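Here is a briefing on a ligand site, a helix and a sheet. Look at the ligand shell to begin with.

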Amino acid sequence: MPIHTSPTYWILETRNTAYSFGLNDSGLLTHCHWGARLPFVADYPAPINPVYWAADGASHFTPEEFPSNNGAKYIDPALKVTFADGVRDAVFEFVDFALVDSFTLEIRLKDSYYPLHLTLHYRVHEEYDLIERWATLENRSAEPIQVERLFSAKWTLPPSGGDDYFLTHMFGHHVDEFHMVREPLTKGVKVIESKRIITSFQHTPWFALDRNASEDAGEVWFGTLAWSGNWKIAAEVADYHSTRVNIGWNDWDFTWRLQPNQSLQTPPALAGYTPSGFGAASRLLHDYVRDTVIPHGKILHKVLYNSWEATTFNVDEASQSALAEIAAKMGVELFVMDDGWFHKRNLDNAGLGDWWPDEIKFPNGLGGLIQKVNALGMDFGLWVEPEMVNPDSDLYRAHPDWVIHFPTRARTEMRNQLILNMARADVQDYIIEALDKLLRENNITFIKWDMNRHVTEPGWQDAPGDPREIWVRYVEGLYHVWGTLRERHLRVIWQSCASGGGRADFGILRFADQVWTSDNTEATSRLNIQEGYSQYLPANTMEAWVTDADAENVPLEFRFHVSMCGSLGVGGNLLEWDQSERQVGAECIRQYKEIRHIVQFGDQYRLRSPQKNPFSAVQYVSKDRSESVLFAFRVHIPDFVSVVKLPPIYPRGLDPEALYVIEGFDRPRSGKAWMETGVDVNLKNMQSKMLRIRKVAP
Ligand code: DGJ
């Protein structure tokens, strides 16, 4: 049984880890252990009973599982409410617990005076060493209660001897996502967040806390949030070295009017512990996403072609057909027409909202092009940006009030567009109907769902509750629309794009199988972006195109190798590729088809970090360890530095006792030998290599 219960103590065990908490002598729900799984139930520590000290109450020193705003404690609470009579103090007391099933535990609490109930939910993902947590508040009083903060979880780290945790997190911006930074977590509260109504590329909803861990070894506590809107991670080192992390909806500009007999449930937060370094933490998340989150986790993604960088808005049947013919000859399996295909869409200043084929570019609809693509042996995919509207569109002229706005303020346009309020049922119905029609009438098997504008002037005049609920209700509306369309069209593969990797999270991946990783397709930048992305998401979700970006300096094979580390796509202007370039492309696509099951479903090992080294390497190993593929890249190292020799690359994840051959090396050696002594890969500047590794015995 992964969950051990007693009337006052609970232990959640995964394959290798454990998480425990219990009621202390004052009745506070107190965190006790998060780390290695211990041999006996009696091994787990009892809840602590701190004492009052100077200006702080005992609860200030108690690692409460879900502290609220009350009492003489000053740590960052997980919940804050105001009752109808103005009382801003919530005192939750333990009521009972329930095992919902063998993996799911509920701890039920109630305010000591008001009929406000709080349930803390815990789910154990045994195989992945992950714990999932979320919270529900229920108002059983006759009056509304204002909820000003409701996080999904507060994670408590083991007490440390000093400020000895390091926090790793990711930041970036458009065309430069997923930069990693690892910094000492010092006293105070370190906040990363999104206030943009999307997940954002400014920060990523993922954290890792370690105590001197490396890629391959050391303790790492890590976590993320399954949510695609505003979020917040607040890591606090309080006095006396207590380290805790709040994660959940952002409470900035947030309030929820919880009506009588209504409840409010947070999105799930996931977290895990490993003693085996950052690489192991990522692999646990990768497996979890592939096995349990994405809709089509078991299918191999097709090699796609996307027209955006080749044709931008200038699409029509002839230009797309010409590209499709070349793509098909090179081995592409899915042809995706990007922006520019719909009503009056010639530039980015018109058309969004009017989701039917442009009458001039496609006088007979999309059918002709789709048939042609299908006849070439490829599937057909399409780009949409359903949450958006251009003021120059039939939709906006008919429904100017559907956009998020304040009536007394400017409707600030970005990329000439405004955001439809997805919290509104009429907006949801419109989008469902428009996209459903497209999918019913056309043989479309892939949709790239884009989102290119972040929110401003977040007004909602006729909101049923507090207008600030928009931050949550918008995302719930998005999930409703996307979920409805997905259920109606189960075979469609959806891709989440927000000007690149702006909406890459565990919430959206319940609908989308893939993410468009970045609008930056220059291969050397992409190495860095891909390394960051791989911290929390697996390679099969990472769409990577080979384009013409910096083609003068980056060889085509290098560009292919970079994209072959994810779900391979091509986005260059094939009409301008000469015969030899098309041959290189065809050969790389052929090779990718041979190894894609290892890349997409295997274990990923980051051997040398591109964010830290101009000579980097990444490896993928099949789950049965019989096959592997290693990619090495040398960007630019001045000659006088590399004149001696590049360092060896040490493969990982092989069976130490088995014999392997590595392409280019003449004799088989044990997995242990390859991993201990490494392989020499001699590359010149801007060269790359793909090495296949095969088990030959036993
Ligand atoms: C932004 C996306 O990230 C690009 O790939 C492309 O689809 C454009 N939008 C189209 O407008």
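The shell around the ligand divides into six charged, four nonpolar and three polar residues. Here Asp, Glu, Lys and Arg count as charged, Ala, Val, Leu, Ile, Met, Phe, Trp, Tyr, Cys and Pro as nonpolar, and the others, Gly among them, as polar. This is a predicted model: local features need pLDDT of at least 70, side-chain atom pairs count only at pLDDT 80 or more, and totals for chains, interfaces and linings use all residues. Residues are numbered from 1 along each chain as its sequence is written, and side-chain values use heavy atoms, with hydrogens and water left out.

**Ligand site**
- The ligand is surrounded by 13 residues (a heavy atom within 4 Å); the closest are D338, D339, K448, D450 and D519.
- A polar side-chain atom of R415 lies 2.9 Å from a ligand oxygen, a polar contact (N or O atoms within 3.5 Å).
- The side chain of W383 places an N or O atom 3.0 Å from an oxygen atom of the ligand.
- For W516, the corresponding distance is 3.4 Å.
- The protein buries 98% of the 300 Å² that the ligand exposes when taken alone (Shrake-Rupley method, 1.4 Å probe).

**Helix α1**
- Helix α1 (a DSSP run of H or I, at least four residues) covers residues 277-293.

**Sheet**
- Six strands (DSSP runs of E, at least two residues) form an open antiparallel sheet in the order β31-β32-β33-β36-β34-β35.
- β31 (603-608) and β35 (669-670) each have a single partner strand, so one side of each lacks a neighbour in the sheet.
- Strands β34 and β36 are joined by four bridges; pairing takes at least two.
- Y660 has K695 in β36 as its bridge partner.

Conventions. A polar contact is a pair of N or O atoms within 3.5 Å; within protein, one must be able to donate a hydrogen and the other to accept it, and residues adjacent in sequence count only if both atoms are side-chain atoms. The expected span of a helix is 1.5 Å times one less than its number of residues.
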